[in-house]
Amino acid sequence: MNNKKDVLDNGPFFHGTKAELEIGDFLEPQHLSNYQDKKSNYIYFTATLDAAKWGAELATSKAKERIYIVEPLGDFENDPNLTDKRFPGNPTRSYRSKSPLKIIAELGSWERHSDDEINHMLTSLQKLREQGIAIIYD
């Protein structure tokens, strides 16, 4: 019997946030979500810089936007909030895990989306919230 699991993605992996963390710290589930006023059952990450930028830019905190390079320390799965609902086939290479992610580096600089793009996205998300369909399946 072959117990080897299929690897979803080889990375590198990123986590966009406004939380100030250190190299060697762990990102873990059961902490306050970047996007909702509740604890998250999973920790979310991506293998695309663009998706990580959105994560940092859309996080609700007023703190500095950050993108960390992370290493998953356990099993992970496709993020069903994106892969099943909005982007079939996972082109955003977005994942989630109940196991910690280890921060192995922070990107020192990266190009943000334009203010117009960010404002448009924030407005779209607010409309979804008002319609009751901005649900994160966690």
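**Notes on the model**

1. Helix H1 (residues 49–58) is largely enclosed by the rest of the structure, because 7 of its 10 residues are buried. Buried here means under 20% relative accessible area, exposed means over 50%, and partly exposed lies in between (1.4 Å probe, protein chains only). The buried residues of H1 are Ala52, Lys53, Trp54, Gly55, Ala56, Glu57 and Leu58. Their cover includes S1, strand S3 (43–46), S4 and helix H3 (115–130), where contact means heavy atoms within 4.5 Å.

2. On the source: this is a predicted model, in which local features need pLDDT of at least 70 and side-chain atom pairs count only at pLDDT 80 or more, while totals for chains, interfaces and linings use all residues. Residues are numbered from 1 along each chain as its sequence is written, and side-chain values use heavy atoms, with hydrogens and water left out.

3. The protein chain holds 3 helices and 7 strands, in the order β-β-β-α-β-β-α-β-β-α along the sequence. Helices (H or I, at least four residues) and strands (E, at least two) are DSSP runs, numbered from the N terminus. Of the 138 residues in the protein chain, 37% are buried. Among contacts between residues at least 6 apart in sequence, 77% join residues at least 24 apart. The accessible surface of the chain is about 8,700 Å², and carbon and sulfur atoms account for 50% of that; the areas come from the Shrake-Rupley method with a 1.4 Å probe, and for residues only the protein chains shown count as cover.

4. How many residues of strand S1 (residues 13–17) are buried? The count is 5 of 5. In a regular strand the side chains alternate between the two faces of the sheet. In S1 both faces are covered, with Phe13, His15 and Thr17 on one side and Phe14 and Gly16 on the other.

5. S1 pairs with strand S4 (residues 66–72) in the antiparallel sense, over 5 bridges; two strands pair if DSSP finds at least two bridges between them. Within this pairing, Phe13 stands opposite Val70 in S4.

6. Pro12 is in the segment before S1, and the peptide bond from Gly11 to Pro12 is cis, with omega near 10°. Most peptide bonds are trans. Thr17, in strand S1, is buried at a relative accessible area of 2%, and a polar atom of its side chain lies 3.1 Å from the backbone nitrogen of Ala19.

7. The whole structure contains 7 aromatic pairs. Rings of Phe, Tyr and Trp (its six-membered ring) pair if their centres lie within 6.5 Å; planes under 30 degrees apart are stacked, over 60 edge-to-face and the rest tilted. Phe13 and Tyr95 form an edge-to-face pair, because their ring planes are at 90°, with centres 6.1 Å apart. This pair joins strand S1 to strand S6 (residues 94–97), across 82 residues of sequence. Phe13 has a relative accessible area of 6% and Tyr95 one of 3%, and each is buried.

8. Tyr95 also pairs with Phe45, in a tilted arrangement with 5.8 Å between centres and 40° between planes. Phe45 is in strand S3, 50 residues from Tyr95, and is buried at 4%. Phe13, Phe45, Phe76 and Tyr95 form one aromatic cluster.

Conventions. A polar contact is a pair of N or O atoms within 3.5 Å; within protein, one must be able to donate a hydrogen and the other to accept it, and residues adjacent in sequence count only if both atoms are side-chain atoms.
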